[in-house]
Amino acid sequence: MAQRAIREYDGKKLFAQNWDKYFKGLNYPFESVLVTSGEELLKKAEEPGYEWLKTKPLVVKPDMLFGKRGKNNLVLFKVNKPGDVTLEDAAKWIDEKRSQETTLLSGQKGVLTHFIVEPFTPHKEDEEYYIAATTLDEENDVLYMSAHGGMEVEENWDKVTEVKIPIDASDEEIEKLIKANIPADIPEDKKDVYAQFAIDFYKFFRDLNFAYLEINPVVIVGNNVYLLDLVARLDDTAGFMMKDVWGDIEFPTPFGMPEKSPEEKAIAEADAKSGASLKLTVLNPEGRIWTLVAGGGASVVYADTIADLAGGVAELANYGEYSGGPTTDETRFYTETVLDLMTRKKDPKGRDKILIIGGAIANFTDVAKTFTGIIQAFEKYADKMKDVGVRIYVRRGGPNYEKGLKDIQEAAQRLGLPIKVFGPETHITDIVRMALEDDKAKA
Amino acid sequence: MGLFTRDTQAIFWNNNRSAIQRMLDYDYVIKRDKPSVAAIVAPTSSNKFDKFFFGTDEVMIPIYRSTEEAAAAHPNADVLLNFASFRTAYDVTMDALKLPQFKTIMITAEGIPERLARIMNKTARDKGVLIIGPATVGAITPGAFKVANIGGTIENIVKSKLHRPGSCGLVTRSGGLFNELCNIIALNADGIADGVAIGGDRFVGSVFVDHLLRMEKDPNVKYMLLLGEVGGREEYKVIEAVKSGKITKPVIGWCIGTIAEHFSSGVQFGHAGASANADEETAVAKNKAMKEAGIHVPDSFNDLPHVIKGVYEELRGEGVIKDIEEPEVPPIPEDFAKALKAGKVRRPKHFVCTISDDRGEEATYAGYPISSVATPDTGKTIGDVISLLWFKKVYPRWAVDFIETVIKTVADHGPAVSGAHNAKVTARAGKSVVESLVTGLLTIGPRFGGAIDGAAKYFKYAYDNNMSPAEFLNYMKKQGIPIPGIGHRIKSVRNPDKRVEGLKKFAKEHFPSTPLLEYALEVEKLTTSKKDNLILNVDGTIGILMVDMWRALGYSEEEIDEFIESGTLNSFFILGRTIGFIGHVLDEKRLGMPMYRHPFDDILYDVQKAEEIK
């Protein structure tokens, strides 16, 4: 977990909700809505407080955690000329966009579902500033400031001033550091207000446990601040102490990410309910090599080794782990899910499927107990496993491992499943080599 | 110098019993003089100490409410093992950093907010305190000191040669793979001299290079093994140290997570810290850079054992590594619970229980899960529960209904009877429900409620000895005992006790036979002919019908006598009347009646001046 992106709308809402506490003397007219359809937008316009949707020209953008929306031609700010977008235009555009698949310049594909709608803010290009902050390293945050915001900020990165701020800096030190580093090309008459905004911005970033926060551009007119575009990630480990400030904030799946399969969702749900850790990602449902690995580090090592020894990941079906002392029932459910996926189809080339039941030497997980769950799943799926031709390779150590290995060997033999079982005297990933060599011997 | 010595002592924050026991088992195996845990901090515990095994003996480890108290009482303990949750681990560390005592703080919690973790780590660095973690299983200096669960079970520790110093310095991120690497190094070389799992969170207090530079100076470490991960740039600091000559001992290195190369994005392989934000943060790039810097890097994790063996054998050939004389390992006393489970030990039991069992998934009453007799849909009543728990039998419906009828019949008899009165007086003295209840129950005996026992006993005796009703009356007269269960204060033949009528009617209709009741009714005919109120009363009826019930259920005469002798019959009265007594006590509590004082005018005072005896 750790750093997770939030929607632009939610980021702006956090600003609005905390504005008076952090940005004294400045004014932020928070006019912004998040909708999923044109109809919803039209309805919103009838609610009190949202009259501006009918009276002001609008800007519409998808709000789905991807950037470069301007370059992707996904910002509606004009029909004929900038600033002429009406409520009806906006609703129509939203419905048009959400009715078809969109491909970004980066190649990410998907259907747009969430849109942020705001008033069009006329301003001059030289009023577009840039500000961002991130957690740089162990000792420092960094604040990025520039007088040249907008779409071309990356091209103009040499004009961005970076200020390292020690994480334990006092308010006075922060103020001093920022004031001393205000970009020289910010007009003299704006310097004070920009500096004040930058100082407040950093404290807001820090106190609300953002991991990354970028406003590009930010437009400052008098004492009015317009946050035109925003990107933000929160440190979700701080969730337990930020409940009141963040509220029920959403961490959406990034645009273009394939939706989780029902099996992955089921495991994720079981994981959320359990004190143990259950993770499953299906990489290739047609894959021939399936893994059932205990422990986070070990699961990575097995995946690495399969890719190394099988000459790539074409045959690797899944990635995942169970760890943290899962109950027998949880292990059974996890195993059944994997076995179910694995036994749906035979290998098109008629080869055996390989099930790697791996793991390092456990610190405290009772191996025999977790293996009982695996054996129960074997009993249910033995026939299907035989149908598709599954060969099993086991390697594990830790508390009670002798009994666990003996039990699983006996169970597989009783059920007529081919199995090879190894303990800590065998190198953790060596069963991957054996499995692949057995393939060759069979071929 | 390794991270720890044989004199290192820790203060353990949180009473994690199994982890502390593992540390003490380790101490015993390596023959330490003092336990490695000096004290425990447990803010909410009310105990002053906890007991742990040290070999076959037990030692007491003191418990304190705060780190400050523990530190003050144990000034030599310079390691804090912070086992607080991610919610409190930061506060615990910051409090400890205010004390000058701790040189090393290990933090196990995973998912401390990043900003707090960074502040915690920086504060420690500024004060020269070494932080291990967060999100780690800890560290070990074999033969000297081990942190909590690192190394796993004691059997595995000995197998992985973690009970005595070897020659490798090991640094990993992952805790699970730390164990595995110790095993691999023990299988292919001579074990480790010092080892640290730095932790899986993005911001950890000490990093690979901190430990490798320390190990470079440690004469016991002859070569080092670094197991890194995809993500972050920590491995490059090690590469720099190797290139600049700060590290001269051989280093073996590998970064796990080369798999990430094959997938564009979206799949999180491994820890929170394990996500590459740039090309140079990938495992493949780091492995390549390490190799270029002269670090020994295998082609695949599966080849790591060969590389370890190669480096080890070379150093051994050069005479840098000497052969180790293996120390004798004392047999580790097996944990009783574990040995018992494995069927290796036995012990005579001090208690026996034949009625209920709470060891399984659900507690049972005489083999029946509670849920199978509890709710109305089971069709079972309190009578069924009594038959299971008192008699270990499933009684037929008529017997169960009779038991329940008895309980209901004796539940209360107003406030004036001695037990209820006692309970009320005690309740008014401000005592609790249980105290008031027992003062009532304590009056139950030969004169109050005891007639049930007595009636069963004497009527059964007379019947068994074939006494005629007249002979029985005579017998009782000779014994000088009024017949138990006969006589009522106001009820008589012409004004019968409806409770008795009900019981008799039920028995007649539902009992297979009622021989003792028939006999008792014959006796009643005789006694009532002498005096109208010498009827068979409710206590007598209950006692006698219980005997008839047990006979019909097939119990032997000896078994029935045993029931009577052990006070079973009286138990029905005690159980039933408890309902009434509790009612009276709650009644008093609700009424809020003041302390009771008996009026003078109701007491006959006849006090003579005491005679003096000379």
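Two strands are taken to pair if DSSP finds at least two bridges between them. This is a predicted model, in which local features need pLDDT of at least 70 and side-chain atom pairs count only at pLDDT 80 or more, while totals for chains, interfaces and linings use all residues. Residues are numbered from 1 along each chain as its sequence is written, and chains are lettered from A and ligands numbered from 1 in the order in which they are written. Helices (H or I, at least four residues) and strands (E, at least two) are DSSP runs numbered from the N terminus.

**Sheet in chain B**
- Strands of chain B form an open, antiparallel sheet of three in the order β14-β15-β16.
- Its edge strands, β14 (356–357) and β16 (368–369), each pair on one side only.
- Strand β15 (residues 364–365) of chain B joins β16(B) in the antiparallel sense over two bridges.
- B:Thr364 has B:Pro369 of β16(B) as its bridge partner.

**Helix packing in chain B**
- Helix α7 (residues 208–217) and helix α8 (residues 234–243) of chain B pack at about 30°, with axes 8 Å apart.
- Because angles under 35 degrees count as roughly parallel, α7(B) is roughly parallel to α8(B).
- Residues in contact (C-beta atoms, placed from the backbone, within 7 Å) include B:Phe208 and B:Leu212 of α7(B) and B:Val238 and B:Ala241 of α8(B).

**Contact between chains A and B**
- Chain A contributes 47 residues and chain B 42 residues.
- On the side of chain A that touches chain B, α7 (239–246), α9 (296–309) and α13 (430–442) of chain A each supply at least two residues.
- The largest share of that side, 11 residues, comes from α9(A).

How values were computed. Axes fitted to C-alpha atoms, helices over the stretch in contact; angles between N-to-C directions. Parallel < 35°, antiparallel > 145°, perpendicular 65-115°, else oblique. Contact = placed C-beta atoms within 7 Å.
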